[in-house]
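Me: I'd like to learn how to read salt bridges in a protein model. Could you walk me through some?

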Amino acid sequence: RHSAAQPSPAPWRARGVRRRGMREASRVATWRLLCERPTLYHCQGFLEPEECDAVVRLAAMGLCAGEAAGAKKLKADLDPSDAGLSEEDSSLLRRVEERVAALSGLEVHDGELPLAVHFTPPAPPGRKDGRMSIGLHVDTNNARHQRWLTFIVYLRSMAPSGGGHTVFPLARRRGAPEPRDPGLQRLCAAGEVLLGHGIHHTDQIDSKFLRGDAKANVREAGELLLRHAELLAAGAAAADPSKGEECPGMNPGEPGRHYWDPSGLGLAVAQEQGSCVAFFTRSRGTNGQVDPRSWHGGAAVTLTAEAGAGAGPDVGATGKWTLQKFREAPDQKRAVEDFARTHTVLSPGLGGGVRFQLDAESLLASKAIEVIQGRAPRAVLRLPEPAEEAAAEEPPPSHPYHGEALQLVGFCNAWNTKDASLRLQRVPGGEGCSGLAGGLAGASGLRLRELRSTPCRAAALVAPATTCVRQRLTLHLREGCLSFQLLSSTRRYAFRIFPAGVGEDGFYRLESGNPAAVKAEIGGEGDGHGDNFFIDERPNTLVTVYVEVVEGTDSTGQGAACTRRSAAVWYVLEKGSHADPPPSVSQARDKQKPLFAKTTQAAFKQNYKELHDLWLEYRGTRTVRDVQLIEDLKLKKDSEDLVFQARTLSKRCFEQRFYIRDLESGRLRLTLLVDVTRLAKSASTGLESCVGYCLYCILPAEKVLRIEQLAVVEALRRKGFGQRLAEWAKASVATNALAFCRKVSFEAVGSPAADGLRPVEHHLAPPATGGSASPSSAEAWAKEWLRQACGE
């Protein structure tokens, strides 16, 4: 048994992870949860001063002092397996990796980059490019999509006035409500805009592959984010407690020198030797996707020339020294999103000679994160217009709740509004959920083992807030499914609760114990027709349906069940039998039809004839004869449309589409199958002329051509096009060697030998001899030819 003061064992740990260093644990280090979006922890004493000095000494060997002049950042990789390291140095690096593995619940593996030390020299005096000249990024930058957790260890201390902070411009303080100011909401949307367009670094906001409104939106979002980060870094440097001045952004009760923006949005972490920041790039709160709140960057070091500006990266150099370790999901068949959803908080325990623990508040909050975070928000692909900012705040409810009992209606009772058996009962004050999801009276009685094992979200476990009313109804689902809405028992359809935001499968599908799974709206007579909450479980299942509604004014700002909305609806599974048998309801599983956007249906009907003709055209045998192969296509103005068609096909067929920058750099190559009869019509009609593609790379050292992706348009599969691309790839391995021979005037002769090699030869033309007779010997003839071909 464990209490908040005595941390429990790790709630999760990847199979095969061993707790190392259990016998030599010599000290204790405490982690604190600073914010939940992104999930970010801070620890003082992750490394001891002697360990920091040793790491700096090792890194300084790999950094060139001549590179420091004018450089913004230098890097040195540290691998414990390096044969050039002493046993003592290798042991130190292994201890660091063991601590990281113990906290993250996953052993360090070969798919990750090694430990890396970064040195940021001071900015030259008079530099005008601002404190955030390096920019902002998310850690999936540079195509490292498996990353989900990052550790940053500070190896040197520096006064906040010297800069060098790690800036998180969209971090929200733990326990603080979501910003309601329209300007701050627009700032939060900026991070989603950039990720929605595939931008993972602010250096990419001027990408030439973005066009029209998309380019303008991305540029505006990037500039907005950088501007806020610049102000945050300047405020953190000005709020230096060592000057004896009042620091409004710093909490005197907090250990460490963390600066919070006065607006409540934005965190800057100063350098303290041995301290560490750990934050999750992906989490359960974003459904395993990249968290748009995890944008961050390093502020410039702003020391004067007398303080050491321009110093080289030696052990005593003045500047910012950090040790970083990026944790990446194992390269398995399991998607990184699934892995990130199950690895969402730090795990206290033993590793590398240190016993790590969470303080009491952070420990309880970490357990709540595991159970309260819901689905990822929908991607925002553009910033709200300034004219829309006035409407960003939620308007006062047009259908206020008066505290009356609510009624469940649905297919199960033919939408009978007078069925008293399906009337919900008010939950007594101080009582939490029932069934498998609870039976817990409140946070004070919350035992960690119970909280960790329950599938319910923390907000639904405990009793409702004083500003909310919670009601429930236990039902026996004979077929296991239920479609319903909730009405006022007195006002009927004049007050109804219905779902909003249909899922990808066309259903408003509730999740057991998760109030945030489906948004609940409050409306009247003309609202929510056809929009029904949907429960899908096994036949003969007992469930309790819960609804929580804000009554009057919500002074807490948390909303119903901490969803920040006026109403929340969820259900929990019940076990065993009840003293009073609950109502038994029945609904055919095919009764609830999936709902899809009406605009999509209208557009399909409007263009049905065009789509049908397109399908018939693809099915014809003439198309097969008119498909041609374009090898090693380069990205030019006249071919960029074909490349983008292939990238669209890649996005449909693969979990991760290929990147244009990989084609530009030459790391990957692209060969297309193109319908030449449609090339002339593509630009004007929007019809795709790309039939399929093969994305590959050539590894000269291994003499290998590796196929990264091979795809064919869905309507043209099973017609031999994929086989044609594969045959081309096999033939290309041989033709690459022949192509080199032809460049130097050799031609293949005869058939391949038994070993697969093919003979080549070059016929020498008789050289001009100035009218004299030709040389009598072949040796003299060859020498004369070489003399003329190669010069004197």
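Reply: Happy to! Side chains of opposite charge can pair when their charged atoms come close. Keep in mind that this model is predicted. Here, the side chains of Asp 632 and Lys 634 form a salt bridge, with N and O 3.4 Å apart.

Me: Are Asp 632 and Lys 634 buried, partly exposed or exposed?

Reply: Asp 632 is partly exposed because its relative accessibility is 25%, and the buried class stops under 20%. Lys 634 is partly exposed too, at 47%.

Me: How does the pair of Arg 667 and Asp 662 look?

Reply: Those side chains meet in a salt bridge at 3.2 Å, N to O. Arg 667 is partly exposed, with a relative accessible area of 47%, whereas Asp 662 has 11% relative accessibility and so counts as buried.

Me: Which residue forms a salt bridge with Glu 51, and where do the two lie?

Reply: The partner of Glu 51 is Arg 27, and their closest N and O atoms are 3.9 Å apart. This pair links distant parts of the chain: Glu 51 belongs to helix 1 (residues 49-62) and Arg 27 to strand 1 (residues 27-37), 24 residues apart. Both Glu 51 and Arg 27 are buried.

Me: Which residues are linked with Arg 27 and Glu 51 in a network of salt bridges?

Reply: Glu 48, Arg 95 and Arg 99 are linked with them in that network.

Me: And how many salt bridges does a search of the whole structure find?

Reply: The search finds 29 salt bridges, including the one between Asp 632 and Lys 634 that we began with.

Definitions and conventions:
Residues numbered from 1 in each chain as written. Predicted model: local features only at pLDDT ≥ 70, side-chain atom pairs only at ≥ 80, totals over all residues. Heavy atoms only, no water. Salt bridge = Lys/Arg side-chain N within 4 Å of Asp/Glu carboxyl O. Helix = DSSP H or I, 4+ residues; strand = E, 2+ residues; numbered from the N terminus. Buried < 20%, exposed > 50% of the residue type's maximum accessible area, 1.4 Å probe, protein only.
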